[in-house]
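Hi there,

Here is the structure I promised to pass on to you.

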Amino acid sequence: EFQISTTNAKYNYNPFELKLNATGTKTGLQTTEFTINEEIYSTAWFALKPDFEYGVGIQAKNIRIKEYLKYFMHHYTANEFGGKATIDVDYDSHKGLAGNLKSDKFRFGTMNEIDANTTFSGNLDEVRFRDFNIGKEGKTFFQLRGDFGVFPEFTFDLSADVLQMDLQDVLPGYSGRVNSGISYFKDEEHNLLMLSLKGDDLNLNGLKVDSVRVDAAQTETELEVLKFTASAKKLYEMSAGGKIGYNFFSDEKSPSDDTLKVNFSGDLLKFLSGYTSMIDEARSSATLSLDLGMGEEGLSVTSGNFYLKKGEMTFPGQIEKADKIYVKFKIEDNVLNFTKFKGRMGEGRVYVTNKHDNDDKDLKLGMLNLGKLYVHTNENGLLFHMPWYMPVGSVAKVLIKGRNTDDLVVSGPFEDLHIVGDVVASNGDAIY
């Protein structure tokens with residue numbers, strides 16, 4: 001017989017109480033008391049004859065999740081968790097594994113509280129989920145079932161369904177309804193995830209999506225988008241399809257000749273105005289098509305076309321609106337060339353072109369090479385108001401031109417911009 005107990009013990013700066021009493025013989029051992037913090041109760045035993053056998057059990061009811069996470073992570077992170085857990089797990093080397101895990105009012109960070117429950121059985125080689133349900137207030141919106149193996153290596157054969165999930169039940173700032181089917185299979189030769197998703201009337205923290213449909217497959221080395229459509233009424237329509245050598249979960253890239261085609265049409269300026277306070281109102285008509293590939297140096301745009309027309313924008317504090325905005329460019333192998341870029345503010349017009357010298361002063365936006373930008377206005381200039389430096393309601397005429405050339409030149413890199421040219425303001429009042 002032996003006993004172990006702790007007095008005023010701490011683990012990771014948290015109080016920790018252990019009591020262990022066991023009795024045994026030369027051929028076996030059995031615990032008579034095994035508790036942690038007087039909340040988690042465990043049993044353990046083993047026998048050497050006639051064959052080696054052993055077992056272990058763990059039971060706990062309504063333990064506070066964050067209090068036990070503090071043993072394994074920083075207190076600040078653990079305090080982001082909430083809820084209580086109930087545990088009932090038994091393993092017998094002869095009979096196998098059986099258990100139930102349940103959490104009530106679980107939360108992490110700002111997410112809303114949810115409930116989860118799972119029942120499983122099996123052995124150390126393979127575990128089968130009879131059910132794994134997540135829901136709230138008696139309503140189940142996520143179900144998972146299937147098997148996963150541990151030895152000789154990890155294998156999975158799982159499927160899950162998201163059933164009429166209202167996003168606002170889980171995530172503050174989000175709303176809308178989602179249905180989804182997910183399956184995952186992995187063995188020695190295969191690693192395949194399949195996703196089918198349907199969402200309606202979504203508001204994703206400000207991003208409006210009236211309808212989204214996704215059918216996709218992820219293998220070890222390739223992401224295949226069988227179908228992707230998303231739209232918001234009178235705002236935009238998006239679609240995508242194809243393959244690309246990329247693993248979304250591991251962020252591993254696999255160069256290939258496959259391409260993923262992406263298309264957008266709609267009011268791009270109005271769409272973007274919802275994400276910045278620098279634009280009051282905007283409207284436009286735009287189309288975008290991209291062919292994305294995965295090369296030796298990572299993601300690339302093998303080809304693309306963009307055309308924005310009839311663009312208009314109003315800005316906070318500005319008297320004049322910007323209108324007659326037209327932007328047109330083409331992309332070939334990550335090189336972007338403007339074929340049209342102009343706009344008007346007041347009676348003045350601004351024009352932008354670009355040129356590539358293929359040196360370290362070309363502007364790079366991700367994988368895209370924008371080259372150097374050349375900017376000028378016509379002689380009418382832009383009617384511009386500078387807040388805090390000009391009387392309210394007044395404007396000045398602003399000319400943009402080069403220094404001894406026609407164009408002001410903007411060169412990179414973006415983290416160390418170089419601007420060579422003149423910006424001349426006239427016919428305006430200043431506060432000093």
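In which loop is Lys234 found? Lys234 sits in the loop between strand 17 (223-232) and strand 18 (236-244); strands here are DSSP runs of E with at least two residues, numbered from the N terminus.

Before going on, a word on the source: this is a predicted model, where local features need pLDDT of at least 70 and side-chain atom pairs count only at pLDDT 80 or more, while totals for chains, interfaces and linings use all residues. Residues are numbered from 1 along each chain as its sequence is written, and side-chain values use heavy atoms, with hydrogens and water left out.

**The positive patch**

Back to Lys234, which counts as exposed because its relative accessibility is 76% (exposed means over 50% relative accessible area, buried under 20%, and partly exposed in between, with a 1.4 Å probe and protein chains only). Together with Lys208, Lys233 and Lys270, Lys234 forms a positive surface patch. Patch members have over 30% relative accessible area and no salt bridge, and like charges are joined within 9 Å. The place of a Lys charge is taken as NZ.

**The salt bridges**

The count comes to 18 salt bridges, each being a side-chain nitrogen of Lys or Arg within 4 Å of a carboxyl oxygen of Asp or Glu.

Asp147 and Arg128 form a salt bridge, with their closest N and O atoms 2.7 Å apart. Asp147 lies in strand 12 (residues 139-149) and Arg128 in strand 11 (residues 126-136), so this pair ties together parts that are 19 residues apart in sequence. Asp147 is buried, at 17% relative accessible area, whereas Arg128 is partly exposed, at 47%.

Another salt bridge joins the side chains of Asp166 and Arg177, at 3.1 Å from N to O. Since Asp166 belongs to strand 13 (residues 155-166) and Arg177 to strand 14 (residues 174-186), the pair ties together parts that are 11 residues apart in sequence. Asp166 is buried, with a relative accessible area of 13%, and Arg177 is partly exposed, with 39%.

Lys253 and Asp251 also meet through their side chains in a salt bridge, at 3.6 Å from N to O. Lys253 is partly exposed, with a relative accessible area of 43%, and Asp251 is partly exposed too, with 44%.

Finally, a network of salt bridges links Lys372 with Asp357, Asp359 and Asp362.

Best wishes

Definitions and conventions
Patches are made of residues with over 30% relative accessible area and no salt bridge: like charges are joined within 9 Å, nonpolar side chains (Val, Leu, Ile, Met, Phe, Trp, Tyr) within 5 Å. Accessible areas come from the Shrake-Rupley method with a 1.4 Å probe; for residues, only the protein chains shown count as cover. Lys and Arg count as positive and Asp and Glu as negative; His and the chain ends are not counted. Helices (H or I, at least four residues) and strands (E, at least two) are DSSP runs, numbered from the N terminus.
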